[in-house]
Every structure is written in C-alpha cells, then in structure tokens.
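Here are some notes for a colleague who is reading this model for the first time. Please keep the structure open beside the text and look up each place as it is named.

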Amino acid sequence: MQQQAGSQFQGPNLGYVLELYERFREDPDSVDEEARSFFEAWSPPTPSSPNGSSGASSPSEAISGVGVDKVVGAAKYVRSIRDFGHSGASLDPLGNEPPGDPALDVEWHEISDEDLAAMPSSVIGGPVTERTSNALEGVEELKRLYCHTTGYDFGHIAHLPEERFWLRDSVESERFGGETRPEMAKRILKRLTRVDTFEQFLHKTFLGQKRFSVEGNDMVVPMLDRLMRLANDANVPEVVMGMAHRGRLNVLAHVLNKPYARIFGEFQQPDRGEGTSVAESSGQGWVGDVKYHLGVRNFHLEEGEETSKVLINLAPNPSHLEHVNPVALGMTRASQDKRDEPGAPKQDTSASFNVILHGDAAFIGEGVSAESLNLYRLPGYTTGGAIHIITNNQLGFTTEKEDSRSTTYASDLAKGYEIPVVHVNADDPEACLAAVGMAFAYREKFHKDFLIDLVGYRRFGHNEGDEPTYTQPEMYGKIKSHPRVHEVWAKTLEERGVIEDGEAEEIVEEMFERMRNIHKGEASDLKDDDTDEDLVTDRPYTPLVDIPDTAIPAERLDELNKAMLERPEDFTPNSKLERLFQKNRGDMETIDWAHAEALAFASLLEDGVAIRLTGQDSERGTFSQRHAVLHDEKTGGPYVPLQSIPQSKASFAVHNSPLSEIAVMGFEYGYSMNTDDSLLLWEAQYGDFANVGQPMIDQFIVSGQAKWGQASELVMLLPHGYEGNGPEHSSARLERFLQLAASENVRIANLTTSAQYFHLLRAQAILRHKQRPLIIMAPKSLLRHPMAMSELSDFTDGVFHPVLDDEEARDRAEAVERLILCSGKIYTEIAGAEERVEAEDTAVSRVELLYPFPEEDIRRMVEGYPNLREILWVQEEPKNMGAWTFMEPRLRGMFDVPVRYIGKPDRPSPAQGSARFHKEEHAAIVSEALEGLNSDSRNGHTAEKAEEAVEATQSRSGGEGA
C-alpha cells in the first residue's frame with residue numbers, strides 16, 4: 001500500500017503531500033487518522049527511493065531539478081501565506097503598517113524566487129494552480145488574495161478539514177470576490193453617499209446632540225444590505241439583529257427604513273423619550289429611551305425596491321455593550337422553534353438567522369461575549385449560526401488597544417470557539433461585500449457562526465461632544481485628512497470609467513437637498529401606513545387582571561399523573577429512582593413541590609401551552625427533585641416523560657445550561673420577546689447565582705416594558721432559604737427585586753406550599769397575554785418538607801392565593817391580639833415551633849405574592865382580627881435585606897396598630913458561615929416572635945438580642961467554627 005500511495009506523489013501532488021508531511025511532523029494530530037498512519041511509515045523521496053521510504057536522507061531532484069528540501073520549503077511558505085497572510089494584509093484605512101510575520105518572507109524558508117519559478121504551480125495546490133504557470137506566479141497570486149485588504153484568519157480551523165478546505169477554496173477561487181459590475185458599483189456609491197450624508201446632515205443640523213455616528217465604518221450598512229438580500233434570495237423570512245448604539249441611527253434609517261422625518265423629529269425633542277408624553281400622562285410608568293437604544297421591526301427595502309420578504313427584528317439595547325448578544329440569540333431561536341406539536345420543539349434554522357454587531361473594545365472586554373459565543377453549538381441554544389460583525393474603531397472610548405486587550409486582534413476571542421474570522425479594510429467596499437458573501441454561505445452550509453472584523457476608525461470622539469485629540473492626537477491628525485469611504489470609492493469608480501468626473505459630487509448634493517427638504521417639511525419620506533406602532537415594538541402597560549381559575553379536576557390530574565409514570569418497553573429506568581417515583585408520585589394523597597410542578601407542566605401541555613425550562617442542572621434539578629429527563633440504566637439514553645404524554649398538544653423542552661448566568665438569562669429573555677405561546681422558565685442553581693446576571697435583570701427584564709414597551713413572561717426560579725449553608729447559598733437577594741418593582745412591571749412570589757406553586761405557574765401561563773416576568777423565591781428544604789406538601793383538593797378546588805391566612809387562628813379571631821406576617825421558609829419554623837401551641841393570642845399568616853403588593857388581601861385578612869394590637873414582620877434575611885424595607889412603609893400606611901420587625905440586624909453579608917450559629921439565631925428569632933404581648937423582652941430590639949445570643953455562643957465555643 002505504501003508503494004502504491006508513494007508512486008502517486010510526483011509532480012502535481014508532491015507539494016501538497018510534503019506540506020501535510022510537515023504538519024504531521026510538527027503535530028501528528030493535525031492530520032486525519034489515515035494520513036497519520038501513512039506518514040508513520042513514509043519519508044520524503046530520496047535518490048535511492050524515488051517513491052518514498054525510510055533509510056537514505058540526501059535530497060533528490062524530485063521536481064524539475066529542484067531538491068526536495070526546496071519543495072518542502074516552498075510548501076511551508078505557501079502554508080504560511082495561507083495561515084498568516086492576514087498579518088501582512090493592509091487592514092487599516094489610516095495606513096498604519098501591518099504587524100507582519102517573518103514566515104511571509106521567502107528567504108525565511110531558505111528558498112528563493114528562482115527556486116519557486118523552477119517549480120510547477122501544482123506545488124501551490126488549489127484553484128490558484130489552474131490560473132498560474134509556475135509556483136512563483138502562484139505565490140504572488142496567493143499574496144494578492146491573502147495579504148491585500150482582507151486577512152483570512154482560518155488557521156485555528158485545523159481540526160475541521162471539510163470546513164478548512166471549503167474556506168480555502170472560497171478564497172482562492174474568488175467565489176465571493178472579484179471586480180463589481182458597474183451597475184452594482186454605482187449602487188454601492190449611492191448607498192455609501194447616503195450613509196455619510198445622513199451623518200453629516202445630523203451633525204450640522206443638530207449641533208452638539210449625541211448620535212454615535214457610523215462614520216469610519218460606513219460600509220457596515222451596505223454589508224447589512226447584502227446580508228438581507230442574501231436572506232431574501234434564500235427565503236429566510238426573518239433576520240434578528242443585535243447591536244450597540246454606534247451607528248444605530250444609520251442602520252435604523254437605511255436598513256430598517258425608519259423615515260428621516262421621524263428621526264429628525266426625535267432630534268428636535270431631545271429631552272423626551274419615545275412616547276413619553278402620552279405614557280407619563282396616564283401614570284403607567286412608561287419612561288421611554290434615547291433614540292439610539294430603540295428597537296424596530298420592519299421589512300428591509302433598498303431604494304427602488306417595492307417589496308421584501310425579510311422581516312428585520314432589531315432588538316432594543318441599553319448602553320451595556322454586548323449584553324444584547326444573548327437576547328438576540330434567544331429571539332432567533334424562538335422564531336426557529338415550532339412548538340405547536342407534542343414532543344421536543346422542532347427547530348428550523350432556515351426560519352431566521354442572527355446578525356450581531358459588536359464594538360472592538362467591548363467584544364473582547366465584556367465577559368458576556370464569551371458566554372454568548374459558547375452557546376452557538378449547544379443543543380438548547382444553537383441557532384444554526386450567527387454572523388458577527390465587529391465595527392472596529394481601533395479605539396475604545398479613549399483607550400487604545402494596548403490597554404484594552406492582550407490579543408493581536410479584537411476578534412481573537414472567536415478563535416477559541418473554532419469560528420472563522422475575516423479581517424477586512426473598511427475602505428474597500430468590494431472586500432467587505434465579499435466577506436459578507438462568504439459569511440452567509442458558510443452559515444448556510446455548516447450552520448455555524450462566522451465573524452467579520454471590519455477594521456475602520458471613528459471620525460469623531462466617543463460621542464460628538466468629545467474632543468478626541470486630547471488623548472489620540474496622532475490618530476485624529478490622520479483621520480482629519482483622511483477621505484470618507486464614499487470619496488475613496490468614487491475615485492476608484494472614476495479610474496475604472498464607471499462614473500464621470502463630478503458625478504459623485506452631484507449625488508452628494510442631491511442627498512443633502514432631499515434631507516433639507518424633509519427637515520423643513522417641504523418633502524416627506526413618510527408613507528400612509530407609517531405609524532409609531534409600525535416601527536417601535538410597543539406593548540403598552542395594562543393593569544394586571546384578576547387571578548384566573550387554575551384548578552384541575554381530579555380525574556384529569558390522575559390521568560396526567562399516570563401518563564407521566566409510563567415508560568417505553570425498551571427503556572430500563574434507574575431502579576432506585578423508579579421506586580421513589582412510584583412511592584412518592586404513585587398516589588396523590590399528598591403532593592410535594594416537584595410533583596406539583598410536573599402536574600402543572602402536564603396540564604399546560606394538555607391546554608396547548610408550550611413549555612421551555614432551562615438552567616444549571618435543570619433536567620435533574622439542583623436538589624435531585626425534578627428528574628424531568630430519565631436515563632436508561634443500561635445505555636444511558638434519555639427519556640423525557642413530558643414529551644411523551646398522549647394528552648399533550650404542545651412541545652416541552654428542558655435543557656441543562658452551561659455554567660453561565662448572564663448569557664443564558666439573556667437568551668431566555670430574548671426567547672420570550674419572540675413568542676407568546678409558551679411558559680418559559682430559567683432556573684438558577686442557587687438563587688444568588690443570579691447576581692452574575694444582574695445587568696440583564698436591571699437593563700432588560702424589569703425595565704424593558706418601561707423603556708421599550710416590551711414585556712416578558714419569563715419565570716425566574718431562584719432557590720432561596722436560610723438553612724445554615726453559608727452566605728453564598730442562602731439568599732436570592734429578594735430585596736433587589738422588590739427595589740426594582742414599580743408600575744406592576746414584575747410579579748414576585750415567595751411561596752410555602754406546592755399547591756401555591758402549581759396554581760401560580762398555571763396562572764402565569766394563562767396570563768401570558770398580560771405578560772410580566774415572574775420571580776419566584778424557589779424552595780430548597782421545602783421541596784420535601786411535610787408542611788409544604790398539599791392535598792389533592794388544593795389542586796382540584798383551589799386558586800392561587802396572594803395571602804394565606806392562619807386557618808386555625810381564624811376560629812379564635814377575637815382572641816388574636818398579635819399578627820405575625822412572614823413570607824417563605826421562615827413560616828415553617830414559626831408554625832412548627834413548640835411555642836406556637838401556647839401562643840393563642842397570635843396568628844401566623846403568609847404573604848405569598850409580594851409584588852404586585854396584595855393590599856386588599858392583606859387588609860381583609862387584618863380586618864378579620866378585630867382586637868389586633870400589633871403586627872410583626874418576621875423574616876429570615878437580615879434587616880437590610882429581604883422584604884422588610886418593602887413591607888414596612890406599606891403596612892404602616894395601611895393600619896393604625898404598631899408594626900414591628902423581628903429578625904436579624906443589618907448585615908453586609910446575607911448569612912452566617914456556621915450552621916450551629918444559624919440554628920441558634922433562628923431559634924431566638926422564632927422565640928421572640930411568639931412571646932406574649934406582656935413579655936419583658938417586647939422592646940423592638942429582637943435583632944440585637946439574636947445577635948447577642950450568637951456572640952455569647954461564639955464566646956463559649958472560643959470563636960467561629962463549625
């Protein structure tokens with residue numbers, strides 16, 4: 001076999017084989033298994049062994065009198081151009097020299113141009129061979145392709161041969177490049193002129209106002225045009241875009257066709273957010289946002305086009321750069337998933353694709369970028385490939401690249417995810433459009449991400465009021481004298497004879513005149529059907545409706561439960577787990593938390609409501625409570641009962657997420673933006689893990705409706721409860737969500753029974769046309785606590801109760817003088833305490849829905865105790881955390897009786913590190929809460945007393961310790 005293979009390695013094939021052989025010698029894993037096996041018994045040809053064998057080592061005249069060592073050098077040189085040519089490409093429009101690489105010098109490889117001229121072009125390999133007569137011409141052609149104004153950065157795709165060869169062939173065949181046809185070249189000129197004229201008009205007309213112009217990276221607009229045209233040709237109905245504020249107004253105007261008249265109008269009223277006056281007058285909490293943060297849904301139309309099949313959905317975005325990335329990905333996945341059939345959702349990656357514009361400093365600087373890229377090949381999050389464009393200003397605000405990244409390129413982060421990268425000079429329109437063509441074709445073929453690093457500059461400071469020469473005098477000296485890209489392109493077209501001298505200036509003046517007329521009101525680009533609603537996604541504020549009926553008949557629940565306990569004949573369940581299922585879920589006399597959740601999910605699927613649950617370890621559940629995915633004991637194969645119940649009319653999806661918060665949280669928020677037929681849940685492993693996603697909570701989840709008119713139905717399950725596990729696994733930071741609650745923007749619950757959880761999940765799904773995020777302080781120990789279990793009748797006859805009264809105390813209501821109000825797990829400690837039996841003057845009630853604040857429910861409950869003398873708020877969190885600061889002003893404003901706090905003092909950390917101290921402190925709190933009204937300790941300093949008790953214990957034990 002070796003002789004047979006070796007005999008083929010002459011002339012045309014030898015250069016390629018030698019290149020592979022060199023790769024094998026450097027890294028055996030860089031070639032496939034077949035080649036590796038061959039090279040282990042093969043060596044380059046020698047005089048005594050022309051077909052290759054081991055033994056002799058002197059070079060031969062293998063190709064036209066050129067020694068094998070020269071051929072090897074040529075092969076390495078060719079490989080260096082392909083792999084490192086980008087380092088020698090002229091990527092900077094401002095003319096700075098590229099970094100270069102010594103491997104791009106022919107002498108580095110101990111060969112000369114004469115040596116190359118003596119070799120056939122087949123040494124080069126690929127399409128270049130067909131249009132060159134020798135290796136020297138082939139090398140010059142490679143340098144033209146790889147070292148001009150485009151840098152192809154594919155070296156990290158080494159272990160993906162099909163993709164690598166496709167990318168190489170695309171470059172060297174110029175499949176997406178070449179000189180532009182005259183008609184298209186003129187079209188590009190007009191587009192670039194419009195982009196630049198728009199920015200200049202805004203700059204001159206609205207002096208001093210921020211717009212974060214695109215100038216210096218103008219080509220991003222024609223690039224987006226090309227992407228939309230390609231999507232239209234491929235029958236892709238929707239493109240979801242995410243981008244920051246740089247260039248956003250230009251994209252809104254020229255890619256999403258927002259009329260100039262509307263944009264000019266927003267500049268003329270700079271102190272009023274979109275729609276603010278109407279919403280503020282109604283007192284519904286609408287605040288609007290600045291014009292360069294707004295989102296738009298519209299069809300893409302270029303000038304002269306009448307129709308387009310491509311809907312562009314541009315996600316709104318705050319100034320938290322890159323945080324829109326996972327949101328846009330989630331929106332894309334939602335439009336790809338078909339959810340109206342039982343089983344797992346059926347994904348169609350051709351239903352939409354994602355385009356994300358990044359900033360050079362933010363892309364590599366913000367951790368959310370890496371977290372978002374990591375999603376692109378994960379089953380629960382893939383979108384079949386996103387196209388990324390870095391609008392590279394070569395500057396971050398005032399920080400230069402040497403201070404903002406440790407990598408050569410701003411795009412280098414993508415290499416770790418095996419994403420192809422093309423660097424392109426923003427002053428070369430043809431190169432830019434070729435990169436876009438390659439990106440789209442790659443996405444269509446391989447269903448993977450692709451990144452374009454559009455290297456330009458920023459003509460002004462970070463905003464138009466900044467003076468950039470204070471910090472970058474040399475750079476801005478070059479920018480000041482540098483021609484605009486439409487001027488560069490116009491000069492090229494004049495040299496080609498495509499346009500006449502002076503024609504470009506006429507186009508500029510025509511554009512300026514049109515904008516002046518629109519601004520003066522002498523002309524309009526508004527159409528008859530243009531309205532605010534057409535352009536800005538606006539889901540106006542609506543008050544919450546009454547609590548819906550969520551009960552399910554017992555017969556129906558029983559049938560659903562039986563269906564979930566069925567197993568396929570060829571499936572061998574885990575024997576231990578199956579016994580637990582049959583024991584705990586076989587009958588429904590009492591129903592624990594996870595069982596209630598499963599019943600809620602099953603009933604909603606039967607109602608035609610799709611369900612998507614994701615999070616860290618959500619398939620099993622952090623506390624081994626859910627087991628939504630079962631695994632065959634013999635094969636490990638998965639089985640998802642909720643995807644197999646015969647009653648289902650909609651899809652069920654459950655996915656373990658990567659160990660990420662901000663990206664997956666943003667993804668699920670984005671998913672909720674593009675669907676209204678589902679119950680969507682994101683679960684944290686522990687509630688305080690949501691801290692890492694705080695910008696997503698602040699900037700999107702709780703404020704999106706107030707800023708952009710976009711409400712979300714996302715459910716956040718945040719395990720919360722003080723059980724002696726230390727500061728990091730106790731608190732889901734309830735206080736932060738309550739602080740962010742206003743104008744009925746969210747629902748916040750801290751539940752104590754499984755039936756309450758069942759009804760609240762069903763209510764959230766039923767109310768999805770009145771969307772609000774639902775934040776649940778999910779349980780830990782309550783998952784299996786007897787007091788948290790509910791009877792079947794609570795599911796068949798009940799509804800969700802915002803407040804749960806003390807049913808035992810209600811029978812002796814006139815004797816009750818003290819009312820303890822609490823929320824969550826602390827209730828079980830109070831109600832289960834020995835002192836509770838003797839406290840006949842005390843009622844213990846629970847506030848299950850903290851927001852919207854259930855004022856009328858609480859008032860009715862309190863009025864049921866006519867002799868009440870005081871109200872206590874008891875909580876497990878420190879005084880400066882939890883619900884106390886939220887509840888206190890409301891309770892005091894509602895009632896004349898004293899309102900007192902029982903609990904821990906203010907603390908900088910949520911919980912203690914000692915389980916023993918935790919237990920003693922909680923015992924002190926419960927004891928104080930249940931003491932009679934005449935107790936000597938009734939002085940309002942319970943928190944301090946608890947602290948003293950802990951300190952005394954520490955002193956006796958010699959300090960901190962477990």
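1. I would begin with α24, which gives the most to the lining of the largest cavity, with five residues. This is a predicted model, and its largest cavity has a volume of about 160 Å³. A search of the whole structure finds 10 cavities of 30 Å³ or more.

2. Which residues lie nearest the centre of the largest cavity? They are Met 564, Arg 585, Ala 598, Arg 626 and His 627, out of a lining of 16 residues. Two or more lining residues come from each of the elements α22 (554-565), α23 (575-585) and α24 (593-606). When the lining of this cavity is sorted by class, nine residues are nonpolar, three are polar and four are charged.

3. The second largest cavity, with a volume of about 90 Å³, is lined by 13 residues, and those nearest its centre are Gln 625, Arg 626, Glu 683, Ala 778 and Leu 783. The elements that supply two or more residues to this lining are α24 and β19 (715-719), and α24 again gives the most, here with three residues. By class, the lining of the second largest cavity has nine nonpolar residues, one polar and three charged. Please note that Arg 626 is named among the residues nearest the centre in both cavities.

4. On the α22 side the contact is made by Arg 556, Leu 557, Leu 560, Asn 561 and Met 564, which meet His 595, Ala 598, Leu 599, Ala 602, Ser 603 and Glu 606 in α24. This contact has six nonpolar, three polar and two charged residues. Met 564 and Ala 598, which take part in the contact, are also among the residues nearest the centre of the largest cavity.

5. The residues in contact are Leu 142, Leu 145 and Tyr 146 of α6 with Arg 168, Val 171 and Glu 172 of α7. Of these, four are nonpolar and two are charged, while no polar residue takes part.

6. Gly 177 and Ala 434 are 257 residues apart in sequence, yet their C-alpha atoms are 4.9 Å apart in space.

7. Another glycine to check is Gly 521, found in the loop between α20 (503-520) and α21 (532-535). Gly 521 counts as exposed because its relative accessible area is 59%, which is over 50%. From C-alpha to C-alpha, Gly 521 and Ala 261 are 8.4 Å apart in space, although 260 residues apart in sequence.

Technical notes
Residues numbered from 1 in each chain as written. Predicted model: local features only at pLDDT ≥ 70, side-chain atom pairs only at ≥ 80, totals over all residues. Heavy atoms only, no water. 1 Å grid on protein atoms, 1.4 Å probe; cavity = no way out; pocket = protein on both sides within 12 Å on 5 of 7 lines; lining within 4 Å. Points joined across faces, edges and corners; volume = space filled by probe spheres on them. Helix = DSSP H or I, 4+ residues; strand = E, 2+ residues; numbered from the N terminus. Nonpolar A, V, L, I, M, F, W, Y, C, P; charged D, E, K, R; others polar. Buried < 20%, exposed > 50% of the residue type's maximum accessible area, 1.4 Å probe, protein only. Contact = heavy atoms within 4.5 Å.
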